[in-house]
Every structure is written in C-alpha cells, then in structure tokens.
Amino acid sequence: MSEKPLILVVDDSELQGLKVAKDLAATGYPSAYVNNAKEALEYLSENPSIEICIADIHMPEMNGLTFASKIRTELQRPDIKIIILSSHSKAELEEQAEGLDIFSWLVKPLNSAALAKVLDKARA
C-alpha cells in the first residue's frame, strides 16, 4: 500500500480532536486538526490532496452533517471520504444524512481498532 494520506480531523473539543490525531499517528496516519467546520472548509479548499476527513457530528455554528453537505455542494468534492464521530448510533442519524455519502460512522468514545479498520477500508 502507498504512503498513508494526510487526514483532516474536525472537532470542537480539542481534547477529542487531539485524541483522534494521536490514534491516527499510532497507526501511521499523519493528520491535521482544526476545531470548527468553517476552518475545515477553508483547509480543504487550500489542500485538495485531502482524501479523508473525520468530523464530529455536534459542533457549534455548523454541525458535522451540514459540514458534509458543504463539502459535497460548495467544494464539489465527492471524492473525500467523510467519517462522522457521534455519541449516537448511525441509525439515529441516517435519515438526516441521506444523500451526503457518509463513508462511515464511528461511535464515541472512539475505539482505536475500529478507527484503523475503517481507514484501511477507506484506502482499499
């Protein structure tokens, strides 16, 4: 497998965002962390090589699903694999996320092994 891509982590909780970044580093993935969706959209427009984005569902100003929608519509990036972090199950949010092409859902607290498995699948 080729060099692991840079992954953008978006979470308003610095503690959670840095935990995800640490888990990514432990599995060999480099990451960039931003603490809100607006900054993340700017980062994505300036870094078109980003292939995977991990975003919290609950953030102030713009939640994870609105953020995903803007990636698809405003940035026109259907190629980015979006992984949503939530304390709720996928079933509870699936209807709201319809049409956003969410690659995967991970339930918090984040399990490092589950994260590694999803990332391997994203790169397959």
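E51 sits in the loop between α2 and β3. Helices (H or I, at least four residues) and strands (E, at least two) are DSSP runs, numbered from the N terminus. This is a predicted model: local features need pLDDT of at least 70, side-chain atom pairs count only at pLDDT 80 or more, and totals for chains, interfaces and linings use all residues. Residues are numbered from 1 along each chain as its sequence is written, and side-chain values use heavy atoms, with hydrogens and water left out.

**A loop residue and its partners**

E51 is partly exposed, with a relative accessible area of 41%. Buried means under 20% relative accessible area, exposed means over 50%, and partly exposed lies in between (1.4 Å probe, protein chains only). Which residues does E51 contact, leaving aside its neighbours within four places in sequence? They are P5, L6, D79, I80 and K81. Contact here means heavy atoms within 4.5 Å. I80 is 29 residues from E51 along the chain, yet their C-alpha atoms are separated by 4.8 Å.

**The whole chain**

The protein chain has 5 helices and 5 strands. From the N terminus on, they run β-α-β-α-β-α-β-α-β-α. The C-alpha trace spans about 30 × 30 × 30 Å along its principal axes. A compact globule of 124 residues would have a radius of gyration near 14 Å; the protein chain has 13 Å, which agrees. That radius is taken over C-alpha atoms, and the globule rule is 2.2 Å times the number of residues to the power 0.38.

Buried residues make up 44% of the 124 residues. Take the contacts between residues at least 6 apart in sequence: 64% of them join residues at least 24 apart.

The chain carries 13 positive and 19 negative side chains, and the centres of the two sets lie 6 Å apart. Lys and Arg count as positive, Asp and Glu as negative; His and the chain ends are not counted. Each charge is placed at NZ of Lys, CZ of Arg, CG of Asp or CD of Glu.

**Two cores**

A nonpolar core is a set of buried Ala, Val, Leu, Ile, Met, Phe, Trp, Tyr and Cys residues joined through side-chain atoms within 4.5 Å. The largest one has 25 residues. Which of its members touch the most others? L8, V10, F67 and I102 do. β1 (7–10), β2 (31–34), α2 (37–46), β3 (52–56), α3 (64–73) and β4 (81–86) each supply at least two residues of this core. Beyond four places in sequence, the residues touched by V10 include V34, A37, C53, M59 and F67.

A second, separate core has 15 residues, among them V20, Y29, I83 and L85. V20 belongs to helix α1 (residues 14–26). Is V20 buried or exposed? V20 is buried, with a relative accessible area of 0%. Not counting residues up to four places away, V20 touches V9, I54, L85 and L110. The C-alpha atoms of V20 and V9 are separated by 7.4 Å.

Two residues have a positive phi although neither is a glycine.

Where is P109 found? P109 is in the loop between β5 (104–107) and α5 (112–123). A cis peptide bond joins K108 and P109, with omega about 0 degrees.
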